[in-house]
Amino acid sequence: MTKILKIFCLLVITACCLTCVKEGYEELLPYEKIEPVNFDMNFPPYSSNLWVGGAYVIANRGYKGQGIILVRLSDDSFRAYASACTKNINKETNKLTLSDDKLMATCPVCKTVYYLQQGAYDTGHTCHLQEYRVTYNPGTKSGIISN
């Protein structure tokens, strides 16, 4: 009887753990399928505007066409975020503005500042930007952004 009880408990714990696992990225904005975006670091605008530590906005793509912020963390490491404030989901004017140094993005409505090199969190780590999947091939220096 004890062996059956142990097996049952193990199965219940396993089932609970499996239901908590999330696939992919957390959805912070209402889900909107985006068209995959190809980028090639061999050619402008990416080769001339996206240095290590910087960011570049791909216009008219992503959530509600407000743009995708592509961040270059190292030579071969990239992150991509929706250029939309996650604190102002229901506002039409939640498109973010990049700082001159390309390290921060700011919401024009609530003035929330997101730090792009640190996971795109705001100052108080209370929220972060919607992240997209980036697949990058260092051999060809090209990648794809998708969700």
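Q: What kind of model is it, and how are residues numbered?
A: The model is predicted: local features need pLDDT of at least 70, side-chain atom pairs count only at pLDDT 80 or more, and totals for chains, interfaces and linings use all residues. Residues are numbered from 1 along each chain as its sequence is written, and side-chain values use heavy atoms, with hydrogens and water left out.

Q: How many helices and strands does the protein have?
A: There are 2 helices and 10 strands. Helices (H or I, at least four residues) and strands (E, at least two) are DSSP runs, numbered from the N terminus.

Q: In what order do they run?
A: From the N terminus the elements go α-β-α-β-β-β-β-β-β-β-β-β.

Q: OK, sheets. What is the strand order in the open sheet of 6?
A: The order is E1-E10-E9-E4-E3-E2, with antiparallel pairing. Two strands pair if DSSP finds at least two bridges between them.

Q: Which strands stand at the edges there?
A: Strand E1 (37-40) and strand E2 (55-58) do. Each has a single partner strand, so one side of each lacks a neighbour in the sheet. From one strand to the next, the twist averages 25 degrees. Axes for such angles are lines fitted to C-alpha atoms, for helices over the stretch in contact, and angles run from 0 to 180 degrees between N-to-C directions.

Q: How many bridges join E1 and E10?
A: E1 and strand E10 (residues 142-146) pair antiparallel over 4 bridges. Aspartate 40 has serine 142 in E10 as its bridge partner. Phenylalanine 39 stands opposite glycine 143 in E10.

Q: And what about E9 with E10?
A: Strand E9 (residues 131-137) and E10 pair antiparallel over 5 bridges. Threonine 135 stands opposite isoleucine 144 in E10. The two strands form a hairpin with 4 residues between them. Lysine 141, in the turn, has a positive phi of about 55 degrees.

Q: What is the order in the open sheet of 4 strands?
A: That one runs E5-E6-E7-E8, again with antiparallel pairing. Its edge strands are E5 and strand E8 (121-122), and each pairs on one side only.

Q: What pairs with strand E6 over 3 bridges?
A: Strand E6 (residues 104-106) pairs antiparallel with strand E7 (residues 113-115). Alanine 105 has tyrosine 114 in E7 as its bridge partner.

Q: Switching to packing. Which residues in the largest nonpolar core touch the most other members?
A: Phe39, Ile68, Leu70, Tyr132 and Ile145 do, in a core of 18 residues. A nonpolar core is a set of buried Ala, Val, Leu, Ile, Met, Phe, Trp, Tyr and Cys residues joined through side-chain atoms within 4.5 Å. Buried means under 20% relative accessible area, exposed over 50%, partly exposed in between (1.4 Å probe, protein chains only).

Q: Which elements give two or more residues to this core?
A: They are E1, strand E3 (68-74), E4 and E9. The largest share, 3 residues, comes from E4. A second, separate core has 14 residues, including Ile69, Leu98, Ala105 and Leu129.

Q: What is leucine 70 in contact with?
A: Leaving aside neighbours within four places in sequence, the contacts of leucine 70 include Phe39, Tyr46, Leu50, Tyr56, Ile58, Phe78 and Ile145. Contact means heavy atoms within 4.5 Å.

Q: How many salt bridges does a search of the whole structure find?
A: The search finds 1. Arginine 79 and glutamate 131 meet through their side chains (3.4 Å, N to O). Arginine 79 lies in strand E4 and glutamate 131 in strand E9, so the pair ties together parts that are 52 residues apart in sequence. A salt bridge is a side-chain nitrogen of Lys or Arg within 4 Å of a carboxyl oxygen of Asp or Glu.

Q: How exposed is arginine 79?
A: Arginine 79 is partly exposed, with a relative accessible area of 33%.

Q: Now loops. Where is isoleucine 89?
A: Isoleucine 89 is in the loop between strand E4 (77-82) and strand E5 (97-98). This residue is partly exposed, at 26% relative accessible area.

Q: What does isoleucine 89 touch beyond four places in sequence?
A: Isoleucine 89 touches Leu28, Leu29, Pro30, Tyr63, Lys64 and Asn94. Isoleucine 89 and proline 30 are 59 residues apart in sequence, and 8.0 Å apart C-alpha to C-alpha.

Q: Last one: what share of the protein is buried?
A: Buried residues make up 35% of the 147.
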